[in-house]
Amino acid sequence: MVLVNQIVAFLMKHNAEPEAVDLLMEVEDLDLLVEHVDSTNYKRPCLYLKSSARYLPGPDDSLVLGIAYTIYLKFEDLPSALQIALFLDNLQYVKQVFKLCKDLLQKKQFCYILARQGVDFFILDEDMIAEKTDREALQEIINNTKLSEGYLNLARDIEVMEPKLPEDIYKAHLIDNRASAGANVDSARQNLAATFVNAFVNAGFGQDKLMTVPSETSSGGSTGSWLFKNKEHGKASAAASLGMILLWDVDSGLAQIDKYFHSNDNHVIAGALLGVGIVNSGINDDCDPALALLAEYLDKEDSTLRIGAIMGLGLAYAGSQNEEVYRKLSPILEDATIPLDVIAFTAISLGLVYVGSCDEEVAQSIIISLMGRNESEFGDSLTQLLPLGLGLLFLGKQDKVEATLEVSKTFNDKIRTYCEMTLISCAYAGTGNVLKVQNLLGHCSQHLDKGETHQGPAVLGIAMVAMAEELGIEMAIRSLEHLLQYGEQNIRRVVPLALGLLCISNPKVNVMDTLSRLSHDADSEVAMAAIVSLGLIGAGTNNARLAGMLRSLSSYYYKEASLLFCVRIAQGLVHMGKGLLTLAPYHSERFLLSPTALAGIVVLLHTCLDMKSIILGKYHYVLYFLVLAMHPRMLMTIDEDLKPLAVPVRVGQAVDVVGQAGRPKTITGFQTHTTPVLLAAGDRAELATEKYIPLSPILEGFVILKKNPEYREEDH
């Protein structure tokens with residue numbers, strides 16, 4: 001060991017940090033590293049540790065990150081330490097970082113990072129922040145109350161406040177005439193599609209031309225008119241779309257949705273309940289308006305109302321582990337007289353509220369409910385949402401799922417393997433675990449009888465596990481291409497969805513081409529999955545090539561109502577938030593994975609496994625689960641009073657500089673813009689001025705800048 005010590009000391013002195021780390025990993029004594037780093041060279045070994053952790057089997061990966069965390073604390077690089085604490089999902093570490101931090105401004109920046117990760121149930125205590133007034137101000141940031149304001153500032157700066165109509169998205173005049181002739185017919189399905197397009201495109205802007213138009217007459221003539229252009233359950237989605245338009249703006253959102261509660265149509269009230277959930281999604285309010293409004297509708301007779309309230313609670317409290325919600329929802333699971341659809345949505349909502357918590361009570365409730373289903377219900381695609389609710393409890397928690405997996409082996413034959421696939425894919429989501437990917441691929445390679453459904457979640461699972469890093473994504477795309485060629489029909493129907501998840505909000509050309517080919521497939525279910533996935537990979541990017549593809553698809557399928565509906569939804573997704581939003585669950589330079597965001601996407605993909613009965617049936621409002629993943633893809637720089645501050649930044653393609661010698665540039669092909677700016681997938685920003693110092697090493701979302709005391713105007 002004496003020799004190892006000497007070698008490591010030599011390597012660290014001569015800028016060969018990665019070699020030093022490798023040596024210590026080989027001799028299994030990484031703790032030595034902490035003694036050998038100094039303030040000049042600690043960043044490079046830490047960067048190397050962070051990126052190598054992705055490729056290590058558990059539990060080594062957490063040990064390696066633990067060492068990086070210790071080193072960051074040693075040199076008081078607290079923002080980087082916080083990133084690792086969040087990656088390990090270790091709240092003790094998070095609290096420790098807060099206690100060690102003496103600077104209130106820096107703590108505010110931490111709160112912005114926590115809010116972006118979706119740790120909105122995180123309550124600050126006196127140890128972390130002593131002053132009561134400060135604590136309230138910081139809790140407000142964690143609760144995400146400023147999100148709406150920042151987003152609208154961005155929209156004003158980029159000048160896209162003008163509301164858009166669905167027609168502005170369809171651009172029917174660019175297509176040959178035969179298709180546009182059919183488009184003017186006022187069919188309920190077309191109106192429903194327009195409702196969703198309108199909701200996605202104007203998401204969070206607080207105004208649109210269909211739902212929030214001020215009424216001409218005092219009786220509310222025009223707002224009502226769009227609502228009633230939708231049939232029965234279509235009205236639920238239409239009323240809920242108001243919540244989407246007023247996203248994150250709780251006060252004015254609740255005020256505007258309130259009028260629907262006085263309706264005498266149950267579908268409208270159900271939509272309003274869901275709208276309340278959507279508005280509160282990702283925002284935490286001390287007076288819990290969502291719980292107060294929705295709780296009284298949970299035991300109504302009408303199942304539409306119940307589903308509205310249940311799904312609303314799931315969206316509003318996703319990731320909060322709120323016990324009140326569990327107490328309200330668990331009796332529904334235990335009641336055998338309740339219809340299956342209500343039970344399915346309850347399981348999903350509980351899965352969302354307790355996402356990644358491994359909570360045993362909740363798991364127990366869902367398991368008992370699953371065992372209580374009778375034979376005839378196991379063929380129903382709604383029953384398959386119960387294992388998903390169970391899987392979400394273990395999202396990304398790896399081997400903590402083992403006990404539940406054992407229990408699932410006692411389930412009914414029809415759902416046993418389905419449950420196993422769902423649990424494995426959720427538990428290892430975002431871990432990049434190669435062995436699990438092989439296991440799932442093995443299940444996909446079997447040629448089975450018609451009735452088997454478990455290959456669906458297995459294919460999605462490949463994408464969920466492999467989405468952790470770029471290399472895994474490339475390999476998974478290749479494996480999925482093989483499945484397309486050799487797999488049975490039921491696998492081909494899921495491959496497009498898996499591709500959509502791998503490249504969500506990141507339209508890679510090769511994936512776009514594959515999906516474009518599949519969108520003309522002879523099997524309509526493959527085509528529908530491919531079309532929705534085209535929407536997902538382009539979500540919020542305004543990608544011109546994708547928009548063109550979807551326009552030509554809309555003329556190709558102008559006679560097929562259900563395929564056209566999918567095309568419209570995809571068009572709405574591509575122009576989501578007029579190009580200011582993203583669905584990517586990864587943030588902080590693809591290091592952190594927001595569990596609630598991934599959960600929302602996974603729920604939607606699982607419902608897409610049987611599009612005909614869920615999305616094209618009467619449960620089309622499951623599309624609103626995407627709201628959990630929607631986030632402005634912005635960099636907003638703010639000053640010490642948290643007011644927007646315009647500074648020049650360089651935005652370019654991120655370059656991987658791990659283990660490179662010297663001080664290589666971290667971005668390439670950059671352009672200089674003034675903040676606020678939009679960041680596309682794979683972009684990175686750095687300040688182009690030395691006048692300010694950013695309080696976060698990663699420029700994404702809200703970044704607080706403080707003045708650089710050493711900066712002199714005349715030098716520059």
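This is a predicted model: local features need pLDDT of at least 70, side-chain atom pairs count only at pLDDT 80 or more; totals for chains, interfaces and linings use all residues.
View A. Residues are numbered from 1 along each chain as its sequence is written, and side-chain values use heavy atoms, with hydrogens and water left out. Elsewhere in the chain, salt bridges with shared partners link Glu323, Glu324, Arg327 and Lys328 into one network. A salt bridge here is a side-chain nitrogen of Lys or Arg within 4 Å of a carboxyl oxygen of Asp or Glu, and that rule gives a count of 19. Buried means under 20% relative accessible area, exposed over 50%, and partly exposed in between (1.4 Å probe, protein chains only).

**View B. Arg492 meets Asp521 in a salt bridge.** Here the closest N and O atoms are 2.5 Å apart. Arg492 belongs to helix α29 (residues 489–492) and Asp521 to the loop between α31 (509–518) and α32 (524–537), so the contact ties together parts 29 residues apart in sequence. Look at the accessibility of both partners: Arg492 is buried at 19%, and Asp521 is buried at 17%. Helices are DSSP runs of H or I with at least four residues, numbered from the N terminus.

**View C. Asp413 and Arg416 pair within helix α25 (residues 413–427).** Their side chains form a salt bridge with an N to O distance of 2.7 Å. The two residues are 3 apart in the helix, which means that about one helical turn separates them. Asp413 is exposed, at 57% relative accessibility, whereas Arg416 is partly exposed, at 33%.

**View D. Five acidic residues make up a negative surface patch.** The members are Glu19, Asp22, Glu26, Glu28 and Asp60. Helix α2 (residues 17–26) makes the biggest contribution, with 3 residues. Asp60 comes from helix α5 (residues 60–74) and is partly exposed, at 36% relative accessibility. Patch residues have over 30% relative accessible area and no salt bridge; like charges are joined within 9 Å and nonpolar side chains (Val, Leu, Ile, Met, Phe, Trp, Tyr) within 5 Å. Asp and Glu count as negative, and a charge is placed at CG of Asp or CD of Glu.

**View E. Tyr55, Leu471 and Met475 form a nonpolar surface patch.** Met475 is part of helix α28 (residues 470–486).

**View F. Ala336 lies in the loop between α20 (323–334) and α21 (340–353).** At 71% relative accessibility, Ala336 is exposed. Its C-alpha atom is 25 Å from that of Gln321, a residue 15 positions away along the chain.

**View G. The protein chain is divided into three domains: domain 1 (1–150), domain 2 (355–503 + 593–616) and domain 3 (634–707).** The C-alpha centres of domain 2 and domain 3 are 37 Å apart. These bounds come from an automatic or database domain assignment.

Key:
Accessible areas come from the Shrake-Rupley method with a 1.4 Å probe; for residues, only the protein chains shown count as cover.
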